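Q: Hi, can you walk me through this structure? I'd like to start with how the chains meet.
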Amino acid sequence: MSDNTAHDEPELVQLLTPEGELRHHPDYPLDLGAEEVRGLYRDLVLVRRVDTEAVALQRQGELGLWASLLGQEAAQIGSARALRPQDMAFPSYREHGVAWVRGVDPRELLGMFRGVTNGGWDPAEHGLHLYTIVIGSQTLHATGYAMGVQRDGATGGDDGTAVIVYFGDGATSQGDTNEAFNFAAVNNAPVVFFCQNNQWAISEPLERQSRVPLYRRAAGFGFPGVRVDGNDVFASLAVTRRALQHAREGQGPMLIEAFTYRMGAHTTNDDPTRYRVAAELEEWKRKDPILRLRAYMAANGVADDDFFAAVDAEADKLGERVRIECRALPDPDPLDIFHEVYAEPHAQLDLQRAEFADYLASFEDAGAEGGR
Amino acid sequence: MSPTATAGTAAAATAATAAERGRAAAPPAHLTMRDALNRALDTALAEDPATLVFGEDVGRLGGVFRVTDGLQRRHGADRVFDTPIAESGIVGLAVGLAMNGWRPVPEIQFDGFAYPAVDQIVNQMARMHYRSRGTAPMPITLRVPSFGGIQAPEHHGESLEALFAHVPGLRVAAPADPLDAYHLLLQSIRGDDPVVFLEPKSRYWDRAPLPEGGLAAAPELPVGASRVVRPGRHATLVAWGAMVRRCLAAADLAAEDGVELEVVDLRWLKPLDADAVAASAARTRRAVVVHEAPLTAGLGGEVAALVTERAFRDLAAPVQRVTGFDVPYPAGPLEPQYLPTVDRILFAVQRTLEY
């Protein structure tokens, strides 16, 4: 932290300490039954397994690339479990935990990283838009979507619709993100800006992105901002639930900075040993989101060893399914590249498709396998 | 600078000023392109409650060119609204609204200000239908007052058609006269693909007689079709936007010398009506393409290639290009030096006739 903010250390909303002790926060009460807590634990373990398998599949050449969520499970599961079915979520490209909660099968998620599709699911069906790769672009889409919600009259009550958009600390430097903050503020749009501050934008540490704690950016745009312990699934759930309620009741946007850590590489192409020290990772391992929840559950009789063993067994089965289904994803038909470029007929593109189809067919006639 | 070109430009400027001054007193049986575009937007807002019009100053002010004049009053501030000054934001907003089932018609105030929005236009709006396998259609019409000819400051005279015609997923249209502008804009809005709609701002004040039965009774061409605005047999002039009227002026002068020029208004710049343009060039055996944009990698090269591919054996001369120069668009008094003049068009016609 830079000198001008060191004397003013930001408050971190935390309901579960790294040691697994429950804390109460006057502004963010959370009353979860044992079944719900076990459900959160299961989510965390299963998405971490999907992530681990995906990294391995990339190493085996089955995926072109993978962006690991390792360490960010609680921020994603906690916030996504705060969503209601009518809500809409806009992810960046690392929100595998959010996709899990929104019912997107891991197979569909892997398709994009295998390169067999640019998307993979129907956004309306899952209440989750497609992954967005250009940094920060989706913040404006979420704001536009939220302004559409306002125009549908689907806001202003307890049963209103809210929108959430996920982005990282690096995205707070983008013009689009700042434009979205401002558009949402002046229009009082029902959108929650959920920033996962995982401390690193590839190799650039947070102090290269911002001189102020990120949640404080909201004040300059005229809406509330809060920093939450992103490795605490309880706090992430409670804070997001409240921000979504704020939005669905028509009180406008909120910014949540989920303070977390990218324990893995930026993507499978990255080598973090070139820019950060091992001691930093060790420190964050002590704050692991899964270990602290498990410690809490074990100490408070929320689950027994049989439960933990059953979740591990379920994760093993899921991992096996992910491996098999990933390898079985079919290569798309060559002519697929022409599909859905336009919604309506396009004479010149139709001509290109016809010529390319003839070209491909000419090899079939000759008994060869394809063009070179 | 040739005397004809000077006279032509001065005449155009005088005509524009006169039309502007006389608008209030003009007989009601005439309307300007601005009026026609305004009525198209009004029709679109009235016929589909999902249609939204927004941008900088489009609400209470009615837009800096008054194209959206009165729309907020008639259709409400929820459907016709002002945005903060951030062009990427305006297009990003349109993408998000479209994802929510709306039919956005955003405005970029001037051509040069579309550049800050290129990321949202190219990376998001253009390919969302494709990457979502059709589950997230983008029925967005992005209106951009475009091209030069009004002696505006820097960044107010850009021609964006080649840039956007190059982008898969986009359609690009440019009207040339009031009656056609009405249908072209309505077709763009009613279509389910994103359209970059380039309005020739120097033609906003051009007037046309209102047909009996009103604007809706004006001839309506199929989506994607070009049109022959003047038939001829010695050479084909191909143009769009403001250059169509200039080509017609050149054809008038050529006719005095017995040269009959056919003038084709492309209307749709993507997809481009290649077969019709090539058929005209094959008939006249000569083609000259005219645009305001710089020469290199301009759409004129695309037109020349499409004509050559389809009509090579019928051509008596290579396709000629009359364009702006490869320089930043000049402001104020140098603008007439840059824009294709009637004389430059006629010189090119002469070159192709004598080839």
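A: Start with a term: buried area is the accessible area (1.4 Å probe) that two parts lose on being put together, summed over both. Chain A and chain B bury about 3400 Å² between them. Carbon and sulfur atoms account for 56% of that.

Q: Which residues in chain A lose the most area to chain B?
A: Arg151(A), Phe183(A) and Tyr342(A). Together they make up 19% of what that side buries.

Q: What kind of model is this?
A: This is a predicted model, where local features need pLDDT of at least 70, side-chain atom pairs count only at pLDDT 80 or more, and totals for chains, interfaces and linings use all residues. Residues are numbered from 1 along each chain as its sequence is written, chains are lettered from A and ligands numbered from 1 in the order in which they are written, and side-chain values use heavy atoms, with hydrogens and water left out.

Q: How many salt bridges are there between chain A and chain B?
A: The count is 1. A salt bridge here is a side-chain nitrogen of Lys or Arg within 4 Å of a carboxyl oxygen of Asp or Glu. Arg133(B) pairs with Asp336(A), with the closest N and O atoms 4.0 Å apart.

Q: New topic. How is chain B divided?
A: Into domain 1 (29-217) and domain 2 (227-354). The bounds come from an automatic or database domain assignment. The C-alpha centres of the two domains of chain B lie 26 Å apart.

Q: And how many salt bridges link domain 1 of chain B and domain 2 of chain B?
A: The rule finds 4. Asp180(B) forms a salt bridge with Arg267(B), the closest N and O atoms being 2.7 Å apart.
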